[in-house]
Amino acid sequence: MQIYLPIAELPVSVLLILGMGAAVGFISGMFGVGGGFLLTPLLIFSGIPPSVAVATVTPQIVASSTSGVLNYFRRKAVDVKLAGVLLVAGSVGSASGVWVFGLLRAAGQLDLVISVSYMLFLGLIGGLMLLESLRALAKTRAGVSASMREPGQHNFIHKLPFKMRFKRSRLYISVIPVILIGASIGFLGSVLGIGGGFILVPALIYLLRVPTNIVIGTSLLQILVTMAVATLLHAVTNQSVDIILGLILMVGGVIGAQFGASFGQKMRGEQLRLLLALLILAVALRFGVNLVLQPAELYSVAPLAM
Amino acid sequence: MRALFAVVLLLLPGTALAEDLRIFASQDEVAISSNFNGIDIGLFGAIRRDRATVARAADYDVVVTVAGPPADLVVRRKDEILQLWINRASEVFRSVPSYFATLSNRPVRDITNDAVRERFGLGSDRVVLDRSAAGDAGPEEVELFRSALVRLRRSEGLYVDEPRAIAYPMEGILQARLHLPADTPDGLYTVRAYLFAGGVLLATDVASFEVVKTGIEELAFDVSRQQPLLYGIVAVVLSVMVGWIGGVVFRRD
């Protein structure tokens, strides 16, 4: 069954898009990530213009994080104050991201920046995760229980000024790194069409030492709000949010996420992280190959931006 | 030059034409609805010969062009920089038809000469003639971009040349089928028909039809352009609702 997308201005197969949404939803439910970093490339590789793909994944991330946030709120596993600081910074970041996105699109370099950033970020994060999970797996094999947070360790971040107390996370830290992290996630999110959970979660754990049980709910709330802001801004500045495409993705994603979550609970944390790391590296590799190999067609046509 | 002169004479108003040509599209409006996946529309025409005109030795040839709404396009070329393939040079082409079809009863180059083809834009290779607005590149360089534009549009099915698309079901009647692809742009399409005999243009006619989005597609597109903030708010509210409903329906605890 085909459906015509009003903003992308081309027909797509409903089942294919539903399937993509469901597959990415499954993975996001399984690993507790938004899945934007997989969904955006999938859409691009299946022929949706990159500008529409990026802008349309933002509302899809809003939908998938809404159901997650509700879950964590019920369990009181959200640090609202920390999320508040993150998302004020995040909104500023995402506004500048949308602006840069428009500039890049007009200059014809959007695809390049998307590809290079995906390759670099996913390669870096995937590589780090791979090492970390391999180390954790080796440790568990040796009989030591793996822990993500090693208490009592202080890094340079704890020496910065403007300290603020975050009660639920039991933290007393400087707001500077919080603002920087929030703003960069917001920026990356709107330029690359990713929620940024896969960067935000490790950043909160390793840099700010937020307790693991608070991290996911808090990062989901931050992602929800910054992506809502990004959706609004993409709609206003670039007019490339395709609501029909978004809705199909959301429905698929919500369903897939449920199965993914129950599947993920059956697996061990280190194994999950290893799998996720491999997945992220595979996407990074795909972008890298596209950039390095000589394309069959060197020319491309695009509408001239105003 | 002489051919051009003859053509201009023929186009002058009030010139007595021995032959007359009419062209029609089978529909005035093509609706893009949610199940739109490209469409075929019929083109019909009639050739009428004045009773006083003697029958010509050569057969009639008909060329029909269909031009979609004009657009300003930019063509970019990738170059290898530091091992990476990156968009570098670009050329802007203004008022290029977003869709262009040339239908004829036999190859256009057999019907008439180059000057006429160029003058009337017969064939997708003849249509994008407007030179770059930037203009710092040499003509050979611009030509590379121009031919790339035509090649890309052809491979997308947006520029079509069908040298055997026009048939004559009976004398004086012509018919052709025009395929509009799934990603055909919306707007006004102009159908121009040219009647030739022995390479000489005898008559022309113009018709048009409109491709419009309808229903939810029209609504979504119009709101996204005219009320972008409202569109964004609706998108956010919808996403939160879908997420919330999903969370409630599949509540696990």
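**Rings in chain B**

Modeller: B:Tyr189 counts as buried, because its relative accessibility is 0% (buried means under 20% relative accessible area, exposed over 50%, partly exposed in between, with a 1.4 Å probe and protein chains only). Bear in mind that this is a predicted model: local features need pLDDT of at least 70, side-chain atom pairs count only at pLDDT 80 or more, and totals for chains, interfaces and linings use all residues. Residues are numbered from 1 along each chain as its sequence is written, chains are lettered from A and ligands numbered from 1 in the order in which they are written, and side-chain values use heavy atoms, leaving out hydrogens and water.

Colleague: How many aromatic pairs are there over all chains?

Modeller: Eight, from a search of the whole structure. Rings of Phe, Tyr and Trp (its six-membered ring) pair if their centres lie within 6.5 Å; planes under 30 degrees apart are stacked, over 60 edge-to-face, the rest tilted. B:Tyr99 and B:Tyr189 have ring centres 5.6 Å apart and planes at 50°, so that pair is tilted.

Colleague: And how do the rings of B:Tyr189 and B:Phe209 pair?

Modeller: They're stacked, because their planes are at 15°, with centres 5.2 Å apart.

Colleague: Is B:Phe209 buried or exposed?

Modeller: Buried, with a relative accessible area of 1%.

Colleague: New topic: which charged end sits over the ring of B:Phe221?

Modeller: That of B:Lys213, 3.5 Å from the ring centre. The rule is NZ of Lys or CZ of Arg within 6 Å of the ring centre and within 35 degrees of the ring normal. B:Arg119 also lies over a face, that of B:Phe120, 4.7 Å from the ring centre.
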